[in-house]
Amino acid sequence: MGKMKSSHRKWIAALCGAAMTFSVLTACGPQGGGSQAAQGEGEAKGPVSIQMFAGLFSELPDMNDEYWTGWQEMTNSKLDIEWVPSGDLNTKLDLLLASGQLPEVVSTTDFTRPTLISAIKNGAFWDLTPFLGDLSEYPNLKENLADDALKYLSVDGKIYALPRSRSRVDGGLKIREDWLKELNIDVPTTMEEYKDALAAIVKAKPGTVGHLFVDNPTAAMQAGFGVYNPTYDDAGGLINPRLTPQYVEMVGFFRELYAEGLMSKEYAVMKETQAEELFKTNRAASYGRPIWWDDEWEKAMRKSGEEDAKILNLHLKGPNGDDAVALETGVSGGFYISKKVPEEKVKQLLAYFEQTASQELTDYAYYGKEGVHHTVEDGQKVLTEQGVKEVNTTSKGAGVLAYAKWGKVISASASKEFNDAKIAEVEVFDEIGKIDPYRVVTVESWINAWPQHDTEYKSMMTKAIVGQISLEDFDTYVAGLREQPALKQAFLDMAAAYKQFQES
């Protein structure tokens, strides 16, 4: 992670220098002794109480169970968390921000969400830049974060959150490898081969859904069609990926899948939970979701009657040679501290988050207590039955955690052999995958302009996929959007912001 740390330090040094240009600060820390934020003054004598809004990605946790009791003892904290189901998280976040009645800490998975950016600009959250300084008082935050983590969480050059660290390698376009072998189908390597494989599976297994499409095209598919390749208009503006010609080409591919019966007829209203259930119960061939679910899902498939169930994450090439591999930023949203929190309490909260970025707390977040939540087999920690119940995605939602390259690939409930094979399966992803440039930065002009078109755009895309309008009609519609003055200005602003991000 040497490269990550070097880039990280350069960004912090730049911010620190900028802050010192405006005021004389100790170690670029907050006025009033901020250099003690991680020790002494910033620590609470008793457990620090923390009110938090956070996403729920599994069963509602019992905050008094052994896992959460241990977490709070280790961090000297008392957590009061409003867990919000992941499917409702953005809607609830928007309502929370509109109300102004914020808890002490707001955790969100989308650091470019327009309502969040607007709230930041309106002063709803603390600017953490002067508190953090050069990170010399926060060694875990300095050494254990992903490349550019704090840059992603900055607005107008100021840091407003600490990251929810997650691995860059996250999602994979899955296919039933056992079905490919059963039907003597070669593992597809191109989009056309992928479509042919789905067609063969659906023909052999009537009632099976080929490709599960939920809400938006799978990130891997977008990468494969070159959607994440930064694309500029004649004026030099950075076009939003969904308004590129590549995206239209991809919609054409889904149109073909739909016409050939390789997608659910009800795909436009399908929920993530419904799609997951179809895949886990052997009623779908392919689905794009985090890789670390593979072991758990294979076990569910076997319980549903498929003894040889095996999942493979595909490495496809798109029509122009692009790798169908998408990466995350390494930052799955962040923890924002309400401006209503007193300055001294901010220091206590930062001391808590600094501790959660340690390797010790990260190991605990993934595996819990040895002998209770996990055992060690062949040098690898494997979850026990209690561990499977208490240690999950949600249990990682109350702290920063150290960056783990394969954290979203390996399964804590799987064998070492399974995890080693899974890493080998996707090892190249970190080198070839691409990140959506519009997930890296955002600008106010885009935030203001796009919502006026979003609903109509989704409707037009659906109509194009199901055949209610021609692909040419959709292409013409998208081309017209690219010429909208407000969107053209947003493209220019995004180009400038993206360039600044790359150069900083």
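This is a predicted model: local features need pLDDT of at least 70, side-chain atom pairs count only at pLDDT 80 or more; totals for chains, interfaces and linings use all residues.
Local features here need pLDDT of at least 70, side-chain atom pairs count only at pLDDT 80 or more, and totals for chains, interfaces and linings use all residues. Numbering starts from 1 along each chain as its sequence is written, and side-chain values use heavy atoms, with hydrogens and water left out.

**Stop 1: helix 20 against helix 21**

Select residues 451–466, helix 20, and residues 471–482, helix 21. Helices (H or I, at least four residues) and strands (E, at least two) are DSSP runs, numbered from the N terminus. The two helices pack at an angle of about 160°, with axes 10 Å apart. That angle makes helix 20 roughly antiparallel to helix 21. Axes are lines fitted to C-alpha atoms, for helices over the stretch in contact, and angles run from 0 to 180 degrees between N-to-C directions. Under 35 degrees counts as roughly parallel, over 145 as roughly antiparallel, 65 to 115 as roughly perpendicular, and the rest as oblique.

Helix 20 passes helix 21 in a left-handed crossing. Left-handed means the near helix is turned anticlockwise from the far one by less than a right angle; right-handed means clockwise.

Now show side chains. Helix 20 contributes H453, E456, Y457, M460, M461 and A464 to the contact (heavy atoms within 4.5 Å). Helix 21 contributes F474, Y477, V478 and L481. By class, this contact has eight nonpolar, one polar and one charged residues. Ala, Val, Leu, Ile, Met, Phe, Trp, Tyr, Cys and Pro count as nonpolar, Asp, Glu, Lys and Arg as charged, and the others, Gly among them, as polar.

**Stop 2: F474**

Centre on F474. Leaving out residues up to four places away in sequence, F474 touches V248, V251, Y457, M460, M461, A464 and I469. The largest nonpolar core has 156 residues, and W71, F125, Y457 and F474 touch the most other members. Such a core is a set of buried Ala, Val, Leu, Ile, Met, Phe, Trp, Tyr and Cys residues joined through side-chain atoms within 4.5 Å. Buried means under 20% relative accessible area, exposed over 50%, and partly exposed in between (1.4 Å probe, protein chains only).

**Stop 3: helix 11 against helix 21**

On helix 11, pick P245, V248, V251, G252 and R255; on helix 21, pick L471, F474, D475, V478 and R482. These contact residues divide into six nonpolar, one polar and three charged.

**Stop 4**

Is K280 buried or exposed? K280 is buried, at 18% relative accessible area. Find K280 in helix 12, residues 272–280. Beyond residues up to four places away in sequence, K280 touches W297, A300, M301 and S304.

Go to Q489 in helix 22, residues 485–503. Q489 counts as partly exposed, at 40%. From Q489 to W446 the C-alpha distance is 8.3 Å, across 43 residues of sequence.

**Stop 5: loops**

Select N76, in the loop between helix 2 (66–75) and strand 2 (77–85). Its phi is near 50°, a positive value in a residue other than glycine. N76 is partly exposed, at 33%.

Next, D215, in the loop between strand 8 (209–211) and helix 10 (219–224). Here phi is near 70°, again positive in a non-glycine residue. D215 is exposed, at 52%.

Finish at G321, in the loop between strand 10 (311–313) and strand 11 (331–337). G321 is partly exposed, at 41%.
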